[in-house]
Amino acid sequence: MKALRKTLDKIKPHFEKGGKLYMFNSLFGSVEVLFFVPDKVTNKGSHIRDGLDMKRTMITVWFALFPALLFGMYNIGLQYSLSSTATVSWLGNTLASEFTVLQMFLFGLVKFIPLFLVSFGVGLGVEIVFAKINGHAEVAEGYFVSGLLIPMIVPVDVPLWQLTLAVIFAVIIGKEVFGGTGMNILNPALVARAFLFFSYPKWMSGDSVWIEGLTKGQDIVDGFSGATPLALAAANDIGSMPSMMEMMIGTIPGSIGETSFIAIMLGAAILIFTGIGSWKIIVSTFAGGYAMALLLNIFAVNPYMELPAHYHLIMGGFAFGAVFMATDPVTGSQTEKGKWIYGLLIGILAVLIRVLNPAFPEGMMLAILFMNVFAPLIDHYVLEANIKKRLKRATSK
(Lines give C-alpha, C1' and ligand atoms only; values in the text may rest on other atoms or scores of the structure.)
Protein backbone atom coordinates (compact mmCIF):
# COMPACT_ATOMS: atom_id res chain seq x y z
CA MET A 1 0.00 0.00 0.00
CA LYS A 2 2.94 2.33 0.61
CA ALA A 3 4.05 1.89 -3.00
CA LEU A 4 0.53 2.69 -4.22
CA ARG A 5 0.40 5.75 -1.95
CA LYS A 6 3.71 7.03 -3.37
CA THR A 7 2.52 6.46 -6.93
CA LEU A 8 -0.73 8.34 -6.34
CA ASP A 9 1.12 11.20 -4.63
CA LYS A 10 3.51 11.42 -7.59
CA ILE A 11 0.79 11.74 -10.24
CA LYS A 12 -1.69 13.69 -8.11
CA PRO A 13 -0.39 17.17 -9.11
CA HIS A 14 -1.40 16.43 -12.72
CA PHE A 15 -5.04 16.08 -11.62
CA GLU A 16 -5.09 19.16 -9.39
CA LYS A 17 -6.09 22.64 -10.53
CA GLY A 18 -3.63 23.84 -13.13
CA GLY A 19 -2.50 20.30 -14.00
CA LYS A 20 -2.72 18.80 -17.47
CA LEU A 21 -5.32 16.23 -16.41
CA TYR A 22 -7.44 18.47 -14.20
CA MET A 23 -10.57 17.61 -16.18
CA PHE A 24 -10.24 14.05 -14.81
CA ASN A 25 -9.78 15.10 -11.17
CA SER A 26 -13.10 13.56 -10.13
CA LEU A 27 -12.04 10.21 -11.57
CA PHE A 28 -8.67 10.37 -9.80
CA GLY A 29 -10.29 11.39 -6.53
CA SER A 30 -12.70 8.47 -6.75
CA VAL A 31 -9.86 6.00 -7.24
CA GLU A 32 -7.88 7.54 -4.38
CA VAL A 33 -10.69 7.39 -1.80
CA LEU A 34 -11.37 3.80 -2.82
CA PHE A 35 -8.01 2.79 -1.34
CA PHE A 36 -7.24 5.51 1.21
CA VAL A 37 -9.12 7.64 3.73
CA PRO A 38 -9.32 11.26 2.47
CA ASP A 39 -6.55 13.45 3.92
CA LYS A 40 -8.80 16.49 4.37
CA VAL A 41 -9.14 17.77 7.94
CA THR A 42 -11.45 20.25 9.63
CA ASN A 43 -9.76 23.61 10.13
CA LYS A 44 -12.24 25.21 12.50
CA GLY A 45 -15.22 24.42 14.67
CA SER A 46 -15.81 21.36 16.80
CA HIS A 47 -16.89 18.08 15.21
CA ILE A 48 -17.59 14.64 16.61
CA ARG A 49 -15.80 11.79 14.84
CA ASP A 50 -15.89 8.03 15.08
CA GLY A 51 -13.83 5.29 13.48
CA LEU A 52 -16.51 4.14 11.04
CA ASP A 53 -16.35 6.11 7.81
CA MET A 54 -18.40 5.57 4.66
CA LYS A 55 -15.78 3.33 3.07
CA ARG A 56 -15.69 0.92 6.02
CA THR A 57 -19.49 0.83 6.02
CA MET A 58 -19.57 -0.06 2.32
CA ILE A 59 -16.93 -2.77 2.76
CA THR A 60 -18.95 -4.32 5.60
CA VAL A 61 -22.06 -4.45 3.41
CA TRP A 62 -19.99 -6.07 0.66
CA PHE A 63 -18.86 -8.80 3.05
CA ALA A 64 -22.47 -9.31 4.12
CA LEU A 65 -23.50 -9.73 0.47
CA PHE A 66 -20.81 -12.30 -0.32
CA PRO A 67 -22.65 -15.41 1.02
CA ALA A 68 -25.70 -14.72 -1.18
CA LEU A 69 -23.50 -13.70 -4.11
CA LEU A 70 -21.27 -16.77 -4.04
CA PHE A 71 -24.22 -19.13 -3.70
CA GLY A 72 -25.99 -17.25 -6.47
CA MET A 73 -23.09 -17.89 -8.83
CA TYR A 74 -23.22 -21.59 -8.00
CA ASN A 75 -27.01 -21.64 -8.47
CA ILE A 76 -26.69 -20.12 -11.95
CA GLY A 77 -24.66 -23.13 -13.00
CA LEU A 78 -26.88 -25.54 -11.09
CA GLN A 79 -30.09 -24.33 -12.74
CA TYR A 80 -28.46 -24.47 -16.15
CA SER A 81 -27.28 -28.01 -15.50
CA LEU A 82 -30.78 -29.06 -14.45
CA SER A 83 -32.47 -27.44 -17.44
CA SER A 84 -30.15 -28.06 -20.37
CA THR A 85 -28.60 -31.00 -22.17
CA ALA A 86 -26.28 -28.75 -24.18
CA THR A 87 -22.50 -28.80 -23.88
CA VAL A 88 -20.14 -26.06 -22.76
CA SER A 89 -16.83 -26.36 -24.58
CA TRP A 90 -14.80 -24.10 -22.29
CA LEU A 91 -15.61 -26.42 -19.40
CA GLY A 92 -14.15 -29.44 -21.14
CA ASN A 93 -17.08 -30.18 -23.47
CA THR A 94 -18.88 -31.69 -20.47
CA LEU A 95 -22.59 -32.41 -20.63
CA ALA A 96 -24.33 -29.75 -18.58
CA SER A 97 -26.09 -32.42 -16.56
CA GLU A 98 -22.68 -33.71 -15.46
CA PHE A 99 -21.27 -30.45 -14.13
CA THR A 100 -19.19 -30.65 -10.98
CA VAL A 101 -19.78 -28.11 -8.19
CA LEU A 102 -16.70 -26.16 -9.30
CA GLN A 103 -17.85 -26.14 -12.92
CA MET A 104 -21.28 -24.89 -11.89
CA PHE A 105 -19.67 -22.07 -9.91
CA LEU A 106 -17.34 -21.14 -12.77
CA PHE A 107 -20.27 -21.12 -15.19
CA GLY A 108 -22.16 -18.77 -12.88
CA LEU A 109 -19.11 -16.57 -12.34
CA VAL A 110 -18.64 -16.11 -16.10
CA LYS A 111 -22.32 -15.20 -16.50
CA PHE A 112 -22.32 -12.80 -13.54
CA ILE A 113 -19.16 -10.84 -14.43
CA PRO A 114 -20.67 -8.98 -17.45
CA LEU A 115 -23.64 -7.86 -15.34
CA PHE A 116 -21.28 -6.66 -12.62
CA LEU A 117 -19.01 -4.81 -15.05
CA VAL A 118 -21.93 -3.06 -16.74
CA SER A 119 -23.46 -2.06 -13.41
CA PHE A 120 -20.21 -0.67 -12.05
CA GLY A 121 -18.84 0.79 -15.26
CA VAL A 122 -22.02 2.58 -16.31
CA GLY A 123 -23.04 3.60 -12.78
CA LEU A 124 -19.67 5.03 -11.79
CA GLY A 125 -19.38 6.68 -15.19
CA VAL A 126 -22.61 8.59 -14.58
CA GLU A 127 -21.51 9.38 -11.00
CA ILE A 128 -18.18 10.77 -12.24
CA VAL A 129 -19.94 12.97 -14.81
CA PHE A 130 -22.21 14.41 -12.11
CA ALA A 131 -19.28 14.85 -9.74
CA LYS A 132 -17.52 16.89 -12.42
CA ILE A 133 -20.64 18.94 -13.15
CA ASN A 134 -21.12 19.69 -9.44
CA GLY A 135 -17.43 20.44 -8.86
CA HIS A 136 -16.82 17.53 -6.48
CA ALA A 137 -13.29 16.18 -6.16
CA GLU A 138 -14.43 12.55 -5.91
CA VAL A 139 -17.42 10.25 -6.20
CA ALA A 140 -19.14 9.33 -2.92
CA GLU A 141 -18.71 5.69 -1.97
CA GLY A 142 -22.45 5.02 -1.84
CA TYR A 143 -22.64 3.54 -5.33
CA PHE A 144 -20.11 0.83 -4.49
CA VAL A 145 -22.92 -1.07 -2.75
CA SER A 146 -25.64 -0.21 -5.28
CA GLY A 147 -23.31 -1.32 -8.06
CA LEU A 148 -23.17 -4.81 -6.53
CA LEU A 149 -26.81 -4.96 -5.48
CA ILE A 150 -28.21 -4.23 -8.94
CA PRO A 151 -26.76 -7.30 -10.75
CA MET A 152 -27.79 -9.46 -7.77
CA ILE A 153 -31.49 -8.60 -8.08
CA VAL A 154 -31.93 -9.05 -11.84
CA PRO A 155 -32.28 -12.22 -13.94
CA VAL A 156 -28.97 -13.66 -15.09
CA ASP A 157 -29.95 -13.45 -18.76
CA VAL A 158 -31.23 -9.86 -18.77
CA PRO A 159 -29.83 -8.11 -21.90
CA LEU A 160 -26.88 -5.90 -21.04
CA TRP A 161 -28.33 -2.94 -22.95
CA GLN A 162 -31.44 -3.11 -20.78
CA LEU A 163 -29.29 -3.24 -17.65
CA THR A 164 -27.34 -0.23 -18.94
CA LEU A 165 -30.52 1.82 -19.32
CA ALA A 166 -31.73 0.72 -15.89
CA VAL A 167 -28.47 1.73 -14.20
CA ILE A 168 -28.43 5.14 -15.90
CA PHE A 169 -32.06 5.72 -14.89
CA ALA A 170 -31.40 4.61 -11.31
CA VAL A 171 -28.37 6.85 -10.79
CA ILE A 172 -29.88 9.95 -12.40
CA ILE A 173 -33.56 9.74 -11.42
CA GLY A 174 -33.18 7.73 -8.24
CA LYS A 175 -30.20 9.56 -6.82
CA GLU A 176 -28.58 12.54 -8.53
CA VAL A 177 -31.76 14.59 -9.03
CA PHE A 178 -32.13 14.60 -5.23
CA GLY A 179 -28.57 15.80 -4.67
CA GLY A 180 -26.51 12.60 -4.76
CA THR A 181 -25.45 10.14 -2.07
CA GLY A 182 -27.20 10.72 1.24
CA MET A 183 -29.94 12.89 -0.26
CA ASN A 184 -31.92 10.34 -2.28
CA ILE A 185 -35.34 9.25 -1.03
CA LEU A 186 -35.49 6.01 -3.09
CA ASN A 187 -33.17 3.02 -3.01
CA PRO A 188 -31.18 3.26 -6.29
CA ALA A 189 -30.89 -0.52 -6.76
CA LEU A 190 -34.66 -0.95 -6.47
CA VAL A 191 -35.20 1.96 -8.83
CA ALA A 192 -33.14 0.06 -11.41
CA ARG A 193 -35.20 -3.09 -10.87
CA ALA A 194 -38.46 -1.13 -11.06
CA PHE A 195 -37.31 0.42 -14.34
CA LEU A 196 -36.70 -3.05 -15.80
CA PHE A 197 -39.95 -4.42 -14.40
CA PHE A 198 -42.18 -1.72 -15.87
CA SER A 199 -40.20 -1.14 -19.08
CA TYR A 200 -39.39 -4.75 -19.98
CA PRO A 201 -41.82 -6.93 -17.97
CA LYS A 202 -41.19 -9.96 -20.18
CA TRP A 203 -37.62 -10.15 -18.88
CA MET A 204 -38.53 -9.60 -15.25
CA SER A 205 -41.74 -11.55 -14.68
CA GLY A 206 -41.76 -14.29 -17.29
CA ASP A 207 -41.69 -17.94 -16.22
CA SER A 208 -38.62 -18.94 -18.21
CA VAL A 209 -36.27 -15.96 -18.12
CA TRP A 210 -34.48 -16.78 -14.90
CA ILE A 211 -32.16 -19.47 -16.23
CA GLU A 212 -29.24 -18.78 -18.53
CA GLY A 213 -29.76 -20.50 -21.88
CA LEU A 214 -33.42 -21.42 -21.41
CA THR A 215 -34.65 -18.86 -23.94
CA LYS A 216 -31.78 -19.12 -26.39
CA GLY A 217 -32.83 -22.15 -28.41
CA GLN A 218 -30.66 -24.68 -26.63
CA ASP A 219 -31.68 -28.24 -25.82
CA ILE A 220 -33.96 -28.10 -22.79
CA VAL A 221 -34.82 -31.02 -20.55
CA ASP A 222 -38.41 -32.16 -21.12
CA GLY A 223 -40.85 -30.79 -18.58
CA PHE A 224 -38.47 -28.13 -17.22
CA SER A 225 -40.30 -24.76 -17.08
CA GLY A 226 -37.90 -22.58 -15.12
CA ALA A 227 -40.78 -20.96 -13.25
CA THR A 228 -39.93 -19.24 -9.98
CA PRO A 229 -41.90 -20.05 -6.79
CA LEU A 230 -43.57 -16.63 -7.02
CA ALA A 231 -44.68 -17.28 -10.60
CA LEU A 232 -46.12 -20.65 -9.61
CA ALA A 233 -47.89 -19.17 -6.59
CA ALA A 234 -49.33 -16.30 -8.63
CA ALA A 235 -50.75 -18.89 -11.04
CA ASN A 236 -52.23 -20.80 -8.06
CA ASP A 237 -50.06 -23.76 -9.05
CA ILE A 238 -49.07 -24.43 -5.45
CA GLY A 239 -48.57 -28.16 -6.05
CA SER A 240 -45.66 -27.52 -8.41
CA MET A 241 -43.76 -25.29 -6.00
CA PRO A 242 -40.36 -26.44 -4.70
CA SER A 243 -40.10 -27.74 -1.16
CA MET A 244 -39.44 -25.48 1.80
CA MET A 245 -35.96 -26.95 2.16
CA GLU A 246 -35.12 -26.14 -1.48
CA MET A 247 -36.23 -22.57 -0.95
CA MET A 248 -34.27 -22.30 2.29
CA ILE A 249 -31.09 -23.54 0.60
CA GLY A 250 -31.80 -21.65 -2.63
CA THR A 251 -31.56 -24.34 -5.31
CA ILE A 252 -34.45 -22.78 -7.25
CA PRO A 253 -34.83 -20.37 -10.19
CA GLY A 254 -34.71 -16.71 -9.26
CA SER A 255 -32.63 -13.55 -9.22
CA ILE A 256 -28.93 -14.14 -8.61
CA GLY A 257 -28.71 -13.05 -4.98
CA GLU A 258 -32.26 -13.69 -3.79
CA THR A 259 -32.73 -17.48 -3.83
CA SER A 260 -30.85 -18.69 -0.73
CA PHE A 261 -32.58 -17.77 2.54
CA ILE A 262 -29.71 -19.28 4.54
CA ALA A 263 -27.05 -17.23 2.73
CA ILE A 264 -29.10 -14.06 3.16
CA MET A 265 -29.45 -14.72 6.89
CA LEU A 266 -25.66 -15.08 7.14
CA GLY A 267 -25.44 -11.61 5.64
CA ALA A 268 -28.06 -10.36 8.08
CA ALA A 269 -25.98 -11.66 10.99
CA ILE A 270 -22.97 -9.68 9.73
CA LEU A 271 -24.99 -6.47 9.34
CA ILE A 272 -26.59 -6.81 12.78
CA PHE A 273 -23.36 -7.78 14.56
CA THR A 274 -21.48 -4.80 13.09
CA GLY A 275 -24.39 -2.43 13.68
CA ILE A 276 -24.56 -1.47 10.00
CA GLY A 277 -28.06 -2.84 9.46
CA SER A 278 -30.99 -2.17 11.80
CA TRP A 279 -32.21 -5.37 13.43
CA LYS A 280 -35.45 -3.57 14.25
CA ILE A 281 -36.25 -3.05 10.58
CA ILE A 282 -35.31 -6.63 9.68
CA VAL A 283 -37.36 -8.20 12.50
CA SER A 284 -40.38 -5.93 12.00
CA THR A 285 -40.40 -6.55 8.23
CA PHE A 286 -40.52 -10.32 8.76
CA ALA A 287 -43.14 -9.87 11.49
CA GLY A 288 -45.33 -7.69 9.26
CA GLY A 289 -45.11 -10.12 6.35
CA TYR A 290 -45.89 -13.12 8.57
CA ALA A 291 -48.85 -11.41 10.24
CA MET A 292 -50.33 -10.36 6.89
CA ALA A 293 -49.93 -13.87 5.49
CA LEU A 294 -51.67 -15.36 8.56
CA LEU A 295 -54.55 -12.92 8.10
CA LEU A 296 -54.90 -13.92 4.45
CA ASN A 297 -54.93 -17.57 5.51
CA ILE A 298 -57.99 -16.87 7.65
CA PHE A 299 -59.92 -15.29 4.77
CA ALA A 300 -58.50 -17.51 2.02
CA VAL A 301 -60.58 -17.89 -1.14
CA ASN A 302 -57.87 -19.30 -3.41
CA PRO A 303 -54.76 -21.51 -3.10
CA TYR A 304 -52.38 -18.54 -2.98
CA MET A 305 -54.14 -17.09 0.05
CA GLU A 306 -53.96 -20.54 1.68
CA LEU A 307 -50.17 -20.70 1.25
CA PRO A 308 -48.50 -21.20 4.68
CA ALA A 309 -47.41 -17.85 6.08
CA HIS A 310 -43.74 -18.82 6.49
CA TYR A 311 -43.47 -19.54 2.75
CA HIS A 312 -43.82 -15.84 1.98
CA LEU A 313 -40.73 -15.06 4.06
CA ILE A 314 -38.47 -17.35 2.02
CA MET A 315 -39.94 -16.84 -1.47
CA GLY A 316 -38.70 -14.35 -4.02
CA GLY A 317 -36.92 -11.24 -2.81
CA PHE A 318 -38.64 -10.90 0.57
CA ALA A 319 -35.65 -11.90 2.73
CA PHE A 320 -33.11 -10.12 0.52
CA GLY A 321 -35.21 -6.95 0.53
CA ALA A 322 -35.73 -7.05 4.29
CA VAL A 323 -32.01 -7.45 4.99
CA PHE A 324 -30.25 -5.38 2.32
CA MET A 325 -32.83 -2.95 0.91
CA ALA A 326 -35.16 -1.98 3.75
CA THR A 327 -32.18 -1.33 6.04
CA ASP A 328 -30.67 1.28 3.73
CA PRO A 329 -29.76 4.04 6.23
CA VAL A 330 -30.44 6.80 3.69
CA THR A 331 -33.91 5.84 2.45
CA GLY A 332 -35.31 4.15 5.57
CA SER A 333 -36.71 5.58 8.80
CA GLN A 334 -34.18 7.16 11.14
CA THR A 335 -36.06 7.17 14.46
CA GLU A 336 -36.06 4.05 16.61
CA LYS A 337 -39.85 3.80 16.87
CA GLY A 338 -40.15 4.74 13.21
CA LYS A 339 -38.00 1.75 12.24
CA TRP A 340 -40.56 -0.62 13.77
CA ILE A 341 -43.44 1.05 11.93
CA TYR A 342 -41.47 1.27 8.67
CA GLY A 343 -40.52 -2.42 8.71
CA LEU A 344 -44.00 -3.63 9.69
CA LEU A 345 -45.61 -1.73 6.84
CA ILE A 346 -43.08 -3.03 4.33
CA GLY A 347 -43.79 -6.62 5.31
CA ILE A 348 -47.57 -6.12 5.27
CA LEU A 349 -47.58 -4.37 1.90
CA ALA A 350 -45.21 -6.88 0.29
CA VAL A 351 -47.45 -9.87 1.03
CA LEU A 352 -50.62 -7.91 0.30
CA ILE A 353 -49.38 -6.87 -3.16
CA ARG A 354 -48.16 -10.39 -3.93
CA VAL A 355 -51.39 -12.15 -3.11
CA LEU A 356 -54.09 -9.65 -4.07
CA ASN A 357 -52.41 -8.42 -7.26
CA PRO A 358 -50.60 -11.34 -8.96
CA ALA A 359 -49.66 -9.00 -11.83
CA PHE A 360 -46.93 -7.77 -9.47
CA PRO A 361 -45.57 -11.07 -8.10
CA GLU A 362 -42.57 -9.46 -6.41
CA GLY A 363 -44.40 -7.18 -4.01
CA MET A 364 -41.27 -6.57 -1.94
CA MET A 365 -39.80 -4.19 -4.49
CA LEU A 366 -42.92 -2.04 -4.64
CA ALA A 367 -43.45 -2.16 -0.88
CA ILE A 368 -39.95 -0.86 -0.09
CA LEU A 369 -40.08 1.89 -2.71
CA PHE A 370 -43.51 2.96 -1.44
CA MET A 371 -42.30 3.09 2.15
CA ASN A 372 -39.10 4.90 1.11
CA VAL A 373 -41.37 7.78 0.15
CA PHE A 374 -43.25 7.68 3.46
CA ALA A 375 -40.23 7.14 5.74
CA PRO A 376 -39.74 10.90 6.37
CA LEU A 377 -43.44 11.22 7.21
CA ILE A 378 -43.20 8.36 9.71
CA ASP A 379 -40.21 9.99 11.38
CA HIS A 380 -42.00 13.35 11.43
CA TYR A 381 -44.98 11.98 13.35
CA VAL A 382 -42.75 9.97 15.70
CA LEU A 383 -40.84 13.16 16.56
CA GLU A 384 -44.05 15.18 16.92
CA ALA A 385 -45.48 12.56 19.27
CA ASN A 386 -42.30 12.64 21.33
CA ILE A 387 -42.38 16.44 21.53
CA LYS A 388 -46.01 16.41 22.70
CA LYS A 389 -45.18 13.76 25.28
CA ARG A 390 -42.30 15.84 26.64
CA LEU A 391 -44.42 19.00 26.70
CA LYS A 392 -47.13 17.24 28.73
CA ARG A 393 -44.47 16.01 31.13
CA ALA A 394 -43.07 19.55 31.46
CA THR A 395 -46.44 21.24 32.03
CA SER A 396 -47.57 18.62 34.58
CA LYS A 397 -44.70 19.68 36.83
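Me: How do you know whether α6 passes α7 in a right-handed or a left-handed crossing?

Reply: In this predicted model, α6 passes α7 in a right-handed crossing, a term used if the near helix is turned clockwise from the far one by less than a right angle, with anticlockwise giving left-handed. Residues are numbered from 1 along each chain as its sequence is written, and side-chain values use heavy atoms, without hydrogens and water. Because the model is predicted, local features need pLDDT of at least 70 and side-chain atom pairs count only at pLDDT 80 or more, while totals for chains, interfaces and linings use all residues.

Me: Why is α6 called oblique to α7?

Reply: Helix α6 (residues 160-173) and helix α7 (residues 188-199) pack at an angle of about 135 degrees, with axes 8 Å apart. That angle makes α6 oblique to α7, because oblique is what remains once angles under 35 degrees are called roughly parallel, those over 145 roughly antiparallel and those from 65 to 115 roughly perpendicular. The axes are lines fitted to C-alpha atoms, for helices over the stretch in contact, and angles run from 0 to 180 degrees between N-to-C directions.

Me: What makes up the contact of α6 with α7, by nonpolar, polar and charged residues?

Reply: On the α6 side are Q162, L163, L165, A166, F169 and A170, which meet P188, V191, A192, F195 and L196 of α7, contact being heavy atoms within 4.5 Å. These residues divide into 10 nonpolar, one polar and no charged, where Ala, Val, Leu, Ile, Met, Phe, Trp, Tyr, Cys and Pro count as nonpolar, Asp, Glu, Lys and Arg as charged, and the others, Gly among them, as polar.

Me: How does α4 pack with α6, in angle and in distance between axes?

Reply: Helix α4 (residues 101-133) and α6 pack at about 35 degrees, with their axes 9 Å apart, and α4 passes α6 in a right-handed crossing. Among the residues making the contact are V118, V122 and E127 of α4 and L163, T164 and V167 of α6; the contact residues divide into 12 nonpolar, three polar and one charged.

Me: What makes T331 count as buried or exposed?

Reply: T331 lies in the loop between α15 (318-325) and α16 (336-356), and its relative accessibility of 2% is why T331 counts as buried. Residues up to four places away not counted, T331 touches N184, I185, L186, N187, Y342, N372 and A375.

Me: What joins the side chains of T331 and D328?

Reply: The side chains of T331 and D328 are joined by a polar contact of 3.1 Å. The term is a pair of N or O atoms within 3.5 Å; within protein, one must be able to donate a hydrogen and the other to accept it, and residues adjacent in sequence count only if both atoms are side-chain atoms.

Me: How many helices and strands are there in the protein?

Reply: There are 17 helices and two strands, each a DSSP run (H or I of at least four residues for helices, E of at least two for strands) numbered from the N terminus.

Key
Buried means under 20% relative accessible area, exposed over 50%, partly exposed in between (1.4 Å probe, protein chains only).
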